[in-house]
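Dear colleague,

I am passing on the structure below, together with some notes on what turned up when I went through it. Please read the notes with the coordinates open beside you.

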Amino acid sequence: MDIAKVAKASGLPASTLRYYEEIGLIQSTGRNGLRRLFHPSVIDRLALISLGQNAGLSLEDIGGMLTAKGADIDRELLLAKADELDKKIKELTTMRDGLRHAAACKAENHFQCPKFLRLLNLAPKKRPIKNKA
């Protein structure tokens, strides 16, 4: 498959495919003129890269699991990432519940609402730093 067909099939721009080749995530099988050629199995490899990125893995992490024959999955890394996602889901669920309560709360001042105050205590302790502009 030439690079244009791979780009169309994967939904990735050719520049990304060239970058992935440069860092060793995928390999071309040759050229047809100036166009890189890839084995059709590159589509599955690109899907695996995309899946890993969507799960929050870095390209370096993903590259460490890709071999010439396919994938050598780091199960411990995947379990650690799943634990991180569980923590993030809990944080996001708490945030969602707080927003819904704040939107529906009948209290005149939210800081007088016991449920809202409990939700504030569950929120992550990291606060964004406001820009002084």
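Once neighbours within four places in sequence are set aside, H101 is in contact with C113, K115, F116 and L119; please bear in mind that this comes from a predicted model. H101 lies in helix 5, which covers residues 75-104, and the residue counts as buried because its relative accessible area of 17% falls under the 20% cut-off. The other buried residues of that helix are K81, T94 and G98, listed together with H101.

Together with L92 and M95, L99 forms a nonpolar patch on the surface, and the three have about 310 Å² of accessible area together.

As for helix 5 as a whole, its 30 residues reach 43 Å from the first C-alpha to the last, which is close to the 44 Å expected at 1.5 Å a residue. At the start of the helix, a side-chain oxygen of D74 comes to within 3.2 Å of the backbone nitrogen of E76.

How values were computed
Residues are numbered from 1 along each chain as its sequence is written. This is a predicted model: local features need pLDDT of at least 70, side-chain atom pairs count only at pLDDT 80 or more; totals for chains, interfaces and linings use all residues. Side-chain values use heavy atoms; hydrogens and water are left out. Helices (H or I, at least four residues) and strands (E, at least two) are DSSP runs, numbered from the N terminus. Buried means under 20% relative accessible area, exposed over 50%, partly exposed in between (1.4 Å probe, protein chains only). Contact means heavy atoms within 4.5 Å. Patches are made of residues with over 30% relative accessible area and no salt bridge: like charges are joined within 9 Å, nonpolar side chains (Val, Leu, Ile, Met, Phe, Trp, Tyr) within 5 Å. Accessible areas come from the Shrake-Rupley method with a 1.4 Å probe; for residues, only the protein chains shown count as cover. A salt bridge is a side-chain nitrogen of Lys or Arg within 4 Å of a carboxyl oxygen of Asp or Glu. The expected span of a helix is 1.5 Å times one less than its number of residues. A polar contact is a pair of N or O atoms within 3.5 Å; within protein, one must be able to donate a hydrogen and the other to accept it, and residues adjacent in sequence count only if both atoms are side-chain atoms.
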